[in-house]
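I opened this notebook to record what I looked up in one structure. The entries follow the order in which I consulted it.

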Amino acid sequence: MSTAHVTPPDMIIRNVRVVTPDDILPDAAVAVTQGIICDITTRPGPISGGIDIDGQGCLLMPGFIDIHSDVIETAIQPRPGGRFPIDVALHELDKQLVACGVTAIFHCLCFLSNDERPPFRNAEMTDFLIHHLQGRKDEFRTRTYVHARYEITNDEGFAPIEKLIRDRLIHLFSIMDHTPGQGQFTDVGHFRAYYAKARGLSADHVDRLIERRLEASGRVDWAGLAHLAAICRDNAICMASHDDDSSEKVAAVSRLGVTLSEFPVNLEAARAARRHGMMISLGSPNVLRGASLTGNLSGRDAIGAGLGDILCSDYAPMSLLHAALQLFQEKILDLPSAVRMISLNPARAAGLGEFTGSIETGKAADFVMVDDRGRVADVVRTFVGGREVYRTGN
């Protein structure tokens, strides 16, 4: 039975190194009442009738806010044709997320043209998953949101996505263009390899997909996109652009009201995003591995040049913590700045910054306790709204 609406007990976490937005407080304590941070102190007093936790010198970080994750697709269907029952897949995925320190997840659900025959990325399946997530969100340990990704060559999806926006079932909206020869797939060979391997498509199917997208790219309905963007603005839904590859593209999406550039593929686009006042989101797998899968902009290089604000997991939630720590260990960022990239900055980009994303009084008690004293840092406890949702057996 869900306990989401049950008031959590008061709590104090002592003997932790607290990562605040701008500092690290050694040997500090955080007190929580009714799921809200009420005190951060280096002189904790006794607690009466609540939970008293000894953090044993671990780091206490704000919960990780993952605003772009496609992992829901591989949770349901890890191999082509090998689909699991959706309730089972979502239940197990939710457990994995909190074990990785993710306290708020924006599941990416895509709107592609039905004639491409995507297993998940079509209007019917996406609509079903969005309503299913909405109906079950109180059962999940992780705060659960929807990031709708709209392929601009799909001119048949305007009506379904408009209804979802108006029904307030979408919390983040992004515009993407996966036409081969530009964006993420400047090299058409990378497009072929990705869709053959990751999507399990035959060579003939990939050829037809390339032909179809190239044809559709010549008749993009920019007026329709502007209409969707206006509805998003009216409903206070933050908007992103995916795989920007030029200053011209960044300028075009900025005119629509886009405030977040996701995975810019080169420094030109990243610099343009910064000039237009947009936040820049990069993939934590890219940062952790040290390179893009498709030969595009290195996340470490972008951050080193001051052109990165957010890390998102893309396809690997476990990479969030380790990518942030990698930035710190390689002296690219100090620890508070690295942690902001997986907590406060994405919370602000998604409109949640006043509620969660940092360890500050008055905010939700969304915490991750990390033991960083071994060879590999380990999430040992996760809290959402003052309620413990994950703990290792150690």
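The entries below cover the model, its sheet, its helices, its aromatic pairs and a few single residues.

**Entry 1, the model.** I noted that this is a predicted model, in which local features need pLDDT of at least 70, side-chain atom pairs count only at pLDDT 80 or more, and totals for chains, interfaces and linings use all residues. Residues are numbered from 1 along each chain as its sequence is written, and side-chain values use heavy atoms, with hydrogens and water left out. Helices (H or I, at least four residues) and strands (E, at least two) are DSSP runs numbered from the N terminus.

**Entry 2, the sheet.** I found an open sheet of eight strands with parallel pairing, in the order E6-E7-E8-E9-E10-E11-E12-E13. Two strands pair if DSSP finds at least two bridges between them. Strand E6 (64-69) and strand E13 (310-312) are the edges, each pairing on one side only. From one strand to the next, the twist averages 25°. I then looked at E8 (residues 143-151) and E9 (residues 172-176), which run parallel and are joined by five bridges. Tyr150 stands opposite Ile175 in E9.

Axes are lines fitted to C-alpha atoms, for helices over the stretch in contact, and angles run from 0 to 180 degrees between N-to-C directions. The axes of H4 (residues 158-166) and H7 (residues 222-234) come within 10 Å and cross at roughly 10°. That makes H4 roughly parallel to H7 (angles under 35 degrees count as roughly parallel, over 145 as roughly antiparallel, 65 to 115 as roughly perpendicular and the rest as oblique). In the contact (heavy atoms within 4.5 Å), the H4 residues include Phe158, Ile161 and Ile165, and the H7 residues include Leu225, Leu228 and Ile231.

I checked burial here (buried means under 20% relative accessible area, exposed over 50%, partly exposed in between, with a 1.4 Å probe and protein chains only). Helix H12 (residues 319-329) is mostly covered, with eight of its 11 residues buried. Among them are Leu320, Leu321, Ala323 and Gln326. Just after H12, Lys331 takes a positive phi of about 65°.

Rings of Phe, Tyr and Trp (its six-membered ring) pair if their centres lie within 6.5 Å; planes under 30 degrees apart count as stacked, over 60 as edge-to-face and the rest as tilted. I counted two aromatic pairs by this rule. The ring centres of Phe106 and Tyr145 are 4.7 Å apart and the planes are at 15°, so this pair is stacked. Phe106 belongs to E7 and Tyr145 to E8, 39 residues apart, and both are buried. Phe367 and Phe383 form an edge-to-face pair, 6.3 Å centre to centre with 70° between the planes. Phe367 is in strand E14 (residues 367-371) and Phe383 in strand E15 (residues 378-384). Phe367 is buried at 0% relative accessibility, and Phe383 is buried at 1%.

Is Pro285 buried or exposed? I found Pro285 buried, with a relative accessible area of 6%. Pro285 lies in helix H10 (residues 284-289), and its C-alpha atom is separated by 8.4 Å from that of Cys312. Gln56, in the loop between strand E4 (51-54) and strand E5 (59-62), has a positive phi near 55° and is exposed at 54%.
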